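I opened a notebook for this protein and wrote down what I looked up, entry by entry. Please keep the structure in view while reading.

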Amino acid sequence: MKSIQGRKIVLAVTGGVAAYKAAELVRLLVKAGANVHVVLTEGGARFVTAVTFQALSGNPVWSDLWDARMANNMAHIDLSRDADAILIAPATADVIARLVHGLADDLLTTLCLARDCPLIVAPAMNRQMWEHPATRRNVALLHQDGVTVFGPDSGEQACGEVGMGRMLEPEALLAQLETFFGSGRMRGRKVVMTAGPTFEAIDPVRGITNTSSGKMGYALARACVVAGAEVVLVSGPVALPLPDGVRRVEVQSALQMREAVFEALPGADVFIGVAAVADYRPADQAEHKIKKSGESMTLTLVPNPDILAEVAGLPNPPFCVGFAAESRDLDKYAEGKRQGKRLRLVVGNLVQHGLGGDDNQVVLYDDHGRHPLAPASKVELAARIVDHIASLMLPPSQITQNG
Ligand code: CTP
C-alpha cells in the first residue's frame, strides 16, 4: 500500500486562521487517495464552513457530540475506530491545553480521549502563545503522551508579527504524513544519490547539457525519506522543488558532482546514481565569451569520471544502484552496465517511455535476474524501487523477490 492511499484520516479543524489551509489539506489528502472525515469545532466553523469540508472530502462533517446521524449515536467512538490517524490541523493553544488535561467536553476532545489510533497535532498560533511557558509545558506533555507534533513553522503570522507558531503548509503536512505512514524499511540508512543533468561549461554563457528533468531522481529521494532514510541528494540544474526531508547539494558539472558525492559518502549505506552525467566535457573552458569568427570551430571533449563506477569500485562500497536509459537492447545494455560497474541493482528503461514525463516503465536487474515493474507514475515507481532495494539489503535468509 502507498503510504497515504486508502488511509482513513480524521482531520480535526479547530479555531485558528490557519483553518483556511485545512481546506487545501483535505484536497491534497483526497488526491493522494485518503478517505478523509472532517471534525469541525465551533471555533473552526467560524473560519471555514462545514459545506467546504464536506464538498472537498466527499464525507459528512462532524461537529456535535450529540449528532444523531451515527447509527449508535456515538460519533466520538465510531469515528476513530477504523481510522489510521486523527490529525488536528490547525491545533490551537486551547485545544492542546485541553488535550493534555484529558478534557472531554466536546466531540473533538472526547474523540481524542476515546481513540485507538495515533493522534497528530499541527499547532498554529501567535508566536507569543507558542513561546508561553504554559504552551511549552503542554507540548512537552503531548510528546510524553505519545502524540506526534508536526511543526509549527516560523515566518509571517496572520497578526502581522513574525516568529514561530505558523501551521505548516498543506504540502508539508502531507509530506510529513507520508513519512509517518511510510514503511520504515530504510530507517537508520544513509542514502547518497545523484539526479538531474550536468552542465559542462564551454564559456561563461554556453555549455553542454542534456534533457534529464530530474523527476525520477527527486521522486526516489522522497521515497527514501518516506521509507525512513537520511538522504543527501547531489543535484544537477533542475527546475524541481526540494522534496521534504531531503538534504540537497546543488552542482553544475560532472567534476563538481563527483566532488560533492565523495564529500557526502562517508557513512553511506546506499549510493544511487540517477543523474544523466555528461560523459564528456570541453577540454578547455574559455574565460570570456567566445566571439563568432565566421569560421567553423572544433570543440575538443575529454571524458568525465564515471562517478557511479568509482563509488562501486571502492574497497568497501555502499549498496550501489545505477540507472540505464537506453534506446534499444535494454536487457543487454542494462545488465552489461550492472556487471561492468559492479552494481547490486540497475533500473533500466527505454528512453521512449520515460524521458521528461511523469510516468515511466522500468525493469529491475539484480543478482536474481530481471524484474519488470508495471508502468506507473515516477512517484509510484520510486516507492517500489526503494522497497526492492530494502529487500535486497536484508540478510540473505530474509530476501523475498518482488516485481
Ligand atoms: N553515471 C555516473 N557517472 C558518469 C556516467 C554515468 O555516475 N560519468 C551513472 C548514471 O548516473 C547511471 C549509470 O551510471 O546510474 C549509467 O549511466 P549511463 O549514462 O546510462 O551510462 P554510461 O555508463 O555513461 O554508458 P553510455 O552513455 O555509453 O550508455
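The entries below go from the whole protein to single residues.

**Entry 1: what I am looking at.** The model is predicted, so I note that local features need pLDDT of at least 70 and side-chain atom pairs count only at pLDDT 80 or more, while totals for chains, interfaces and linings use all residues. Residues are numbered from 1 along each chain as its sequence is written, and side-chain values use heavy atoms, with hydrogens and water left out.

**Entry 2: the whole protein.** I looked up the secondary structure and found 15 helices and 21 strands; helices (H or I, at least four residues) and strands (E, at least two) are DSSP runs, numbered from the N terminus. The C-alpha trace spans about 80 × 55 × 40 Å along the principal axes of the protein. Of the 403 residues, 48% are buried, where buried means under 20% relative accessible area, exposed means over 50%, and partly exposed lies in between (1.4 Å probe, protein chains only). I then turned to contacts, meaning heavy atoms within 4.5 Å: among those with a separation of 6 or more, residues 24 or more positions apart account for 67%.

**Entry 3: surface and charge.** The protein exposes about 19,200 Å², and carbon and sulfur atoms supply 52% of that area; accessible areas come from the Shrake-Rupley method with a 1.4 Å probe, and for residues only the protein chains shown count as cover. I looked up 39 positive and 43 negative side chains, the centres of the two sets lying 3 Å apart. Lys and Arg count as positive and Asp and Glu as negative, with His and the chain ends not counted, and the place of a charge is taken as NZ of Lys, CZ of Arg, CG of Asp or CD of Glu.

**Entry 4: the largest pocket.** Which residues lie nearest the centre of the largest pocket? I found Glu178, Ala219, Arg222, Val226 and Val379 there, out of 41 residues in the lining. The helices α1 (19–31), α9 (170–181), α10 (215–226) and α15 (378–392) each supply at least two lining residues, and α15 gives the most, with nine residues. About 1,300 Å³ of space lies in this pocket. For the term itself I wrote down that, on a 1 Å grid over the protein atoms alone, a pocket is an open set of points where a 1.4 Å probe fits, with protein on both sides within 12 Å along at least five of seven lines, and that lining residues have an atom within 4 Å of a point. Grid points are joined across faces, edges and corners, and a volume is the space filled by probe spheres set on the points.

**Entry 5: backbone details.** I looked up two cis peptide bonds. One joins Ala89 and Pro90, with omega about 0 degrees, and Pro90 is found in strand β3 (residues 85–91). Another joins Gly151 and Pro152, also with omega about 0 degrees, and Pro152 is placed in the loop between β5 (148–149) and β6 (153–156).

I also looked at positive phi values. Asp329 is not a glycine, yet its phi is about 45 degrees; this residue is in the loop between β16 (319–326) and α13 (330–340). Arg342, likewise a residue other than glycine, has a positive phi near 55 degrees, and its place is in the loop between α13 and β17 (345–350).

**Entry 6: buried or exposed?** Why does Ser253 count as buried? Ser253 counts as buried because its relative accessibility is 14%. It is found in the loop between β12 (246–250) and α11 (254–264) and touches Thr198, Phe199 and Glu200, not counting residues up to four places away in sequence.

Ala278, in the loop between β13 (270–273) and β14 (280–282), is buried because its relative accessible area is 12%. Leaving aside neighbours within four places in sequence, Ala278 is in contact with Thr198, Glu200, Ala254 and Asn304.

Asp82, in the loop between α4 and β3, is exposed because its relative accessible area is 53%. The C-alpha atoms of Asp82 and Asp116 are separated by 8.6 Å, although the two are 34 residues apart along the chain.
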